[in-house]
Amino acid sequence: MGICESSSNSSQISNQNQNQNPTSSSQRQRQDTLMLNNDIIVSSSGGNIDDIYEKQKLLGEGSYGKVWLVKHKMLQKLFALKIIKRKNDIYFNNKVQKEIQILKKLDHPFILKIIEFHSTNTEYHIITDFCQNGELYTEITHKGTFTEREASFILYQILLAIRYCHKMGIVHRDIKPENIMIEKKEPNGLLRVKLIDFGVAKIFSLNVNHKTMAGSSIYMAPEVLRANYNESCDLWSIGVILYILLIGQPPFFGKNENEIFQAIKYGKYDISNKQYLSLSQNAKDLISKLLKYNPQERITAFEALNHPWFNTADIININYLPNEKIIQLLLNLDKYKSYNIIKCAILAYLVHINSDIKEYIEAGKLFNSLDIDHDGKLDKNELINGFMKYLNLSQSDSTKKVNDIFINIDSDKNGLISSEEFIRGCISPDIFYSTNYLKVAFDHFDKNRDGNVSINEMEEIFGQNSELGSKAKMELQNLFNQIDVNKDGFISFDEFSSVIKGIIAN
């Protein structure tokens, strides 16, 4: 049973930032239209962070601040808390805000998910999912080298994440094993990973190169050192990682950073060592295409994902689901319903904070397998093909079903469905009907923690980026009144809970 209507975050962030004039017609239109997007699902948390999370242990520390393993007191779930010290520096504070905004827009199974954020007069708090198996860097130091099967499984996931980022108009600029977390170690030894740390990520425009040097020395592309580069620098970094995974040492190294930079500028890596000579021809070819000195000749993420090396790899296991599970998920999606957008927001938030549950993970795998062009979005044709393949429906029947699904899900009418939108449609909402789940969701909307949700709090949530216009305010008030059963001007916890109960009953 599907659960809610929402808007896709499929437009490139660069496009979203092209028009910042609040008086423009497009901006006025957005103000007068209620939209469900990640600005609503991921917002500044109310209350004291220490009242919500209990610190378990320190995971890392740097010049920016600290990362703690924390436990959500109500949900008893583990998350990561990044604490960044505020500085008396407008540029620094804007940089932190930019990182939060980028994280909020990213919706991909192989990118670490932001749960919420909070700021005080002295600190920024960013809550994300927690990957309990640590960094890929640590695994590399323990393991030394990886088989081609193991390396291909890791690299394919990284490439999917970067293909999505580049389609969203984001260049990461600091891809390295320390910024790749191991989500799970499969029984067969293969690693499920997630890309993290968008602290130096940047929004880019096509045909516009960047000048600021960013990243970590061993993984920097030569054009970054020349301060004239584009998103292709991420593919060079991935090539360095692939070389390290297979060979056990960096392709470019030296006694100090200057020597490393000189080796990168020279652009020649060792192809005479024993480990390299033992690689398959396809592995060598992919390394050479990722480490092309000229970025214009370097392979793209899409091209890399379609490289012959992955044809013989164990890639199918990344998204493997038994057919009966796929059929069940697609049938759930087919029963998808649209609801009052406030109800949709409640359910969307509950799905978002539970990305560790089995149903979420399974739906994410199905999404990836249907996403044929690997752009992190589903178009109608991709979903139609899925219905035809797994439900044995005709093209006309599949097209009709998919058209109905898009009417409910694709509320911004851009013809695309994001990962979490798809997952929401596949998950049955009854798994969230418990007091703890509902109380956490209620607190997300009850920003001042007074035990009631007011219309002002709803307007604050739905108007994250701009003030709601009169039309949107009127619509929101009408929807609010439908939930406010006793008409006291507030939504109580009991009224809030009845929303989910009513959806389950349907």
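Helices (H or I, at least four residues) and strands (E, at least two) are DSSP runs, numbered from the N terminus. This is a predicted model, in which local features need pLDDT of at least 70, side-chain atom pairs count only at pLDDT 80 or more, and totals for chains, interfaces and linings use all residues. Residues are numbered from 1 along each chain as its sequence is written, and side-chain values use heavy atoms, with hydrogens and water left out.

User: Where is His374 placed, and is His374 buried or exposed?
Analyst: Most residues other than glycine have a negative phi. The phi of His374, however, is positive, near 60°. His374 belongs to the loop between helix H16 (358-370) and strand S10 (377-378). With a relative accessible area of 12%, His374 is buried (under 20%; exposed is over 50%, partly exposed in between; 1.4 Å probe, protein chains only).

User: What is the relative accessibility of Asn392?
Analyst: Asn392 also has a positive phi, near 55°. Its loop runs between helix H17 (380-391) and helix H18 (395-409). Asn392 counts as exposed, at a relative accessibility of 66%.

User: Which geometry does the aromatic pair of Phe442 and Phe493 have?
Analyst: Rings of Phe, Tyr and Trp (its six-membered ring) pair if their centres lie within 6.5 Å; planes under 30 degrees apart count as stacked, over 60 as edge-to-face and the rest as tilted. By this rule there are 13 aromatic pairs. For Phe442 and Phe493, the centres are 5.6 Å apart and the planes lie at 85°, so the pair is edge-to-face.
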